[in-house]
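Work through the two exercises below with the sequence and the coordinates at hand, and compare each step with the solution that follows it.

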Amino acid sequence: MTDVLTVDDVGPDVLADLLRRYGLELAVQPDAADIKGSFWGDSEAGVVGRSVYVRPDTPVHSFLHESCHIVCMDGARRDALDRDAGGDDLEEAAVCYLQVLLADYLEGVGRERLMADMDRWGYSFRLGSTRAWFERDAEDAREFLLIHGLVDETGAPTFILRR
């Protein structure tokens with residue numbers, strides 16, 4: 001897939017700074033290397049424990065998605081995490097919602113660009129687009145994030161991991 005922002009476009013330091021706010025680590029793999037912990041393979045981000053693995057060609061939406069899986073899962077799953085984040089449909093929705101929120105904390109990204117990239121990549125929402133889902137069909141995802149203390153009452157990320 002082309003025309004989506006990549007790690008190289010944004011810069012690994014910017015992504016690492018975001019992860020540090022959660023006490024997580026970014027591990028950049030060499031070009032064309034297999035990405036450790038990648039569920040989907042190719043250029044898709046990988047997760048192992050509290051680390052997110054990427055290459056320069058990894059899409060930013062993939063980096064954010066896998067990072068948000070680490071944030072949204074409970075501590076026991078996080079401690080055993082190696083490639084497959086698991087979780088249920090509600091947690092998956094919360095991951096997608098949080099990745100849109102966190103895009104605003106990445107210089108040069110923002111939620112508008114991220115939602116466009118998610119649509120280009122083929123994320124599938126029943127209202128037809130990421131924006132429509134985010135604005136009109138994601139109440140359950142917001143509630144999940146609020147219940148677990150991952151966003152505050154205003155909807156802003158708290159930068160803590162689910163316990």
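α3 lies across β1, β2 and β3, and runs at about 165° to β3; helices (H or I, at least four residues) and strands (E, at least two) are DSSP runs, numbered from the N terminus. Angles run from 0 to 180 degrees between N-to-C directions, with axes fitted to C-alpha atoms, for helices over the stretch in contact. The model is predicted, with local features needing pLDDT of at least 70 and side-chain atom pairs pLDDT 80 or more, while totals for chains, interfaces and linings use all residues. Residues are numbered from 1 along each chain as its sequence is written, and side-chain values use heavy atoms, without hydrogens or water.

**Exercise 1.** Determine the strand order of the open sheet and find which strands stand at its edges.

*Solution.* The order of the three strands is β1-β3-β2, with mixed pairing, where a pair needs at least two DSSP bridges. Because β1 (25-28) and β2 (46-48) each have a single partner strand, they stand at the edges, and one side of each lacks a neighbour in the sheet. β1 and β3 (residues 51-54) run parallel, joined by four bridges, and Glu 25 stands opposite Ser 51 in β3. α2 packs on the sheet, touching β1 and β3 (contact meaning heavy atoms within 4.5 Å), and its direction makes about 150° with that of β1.
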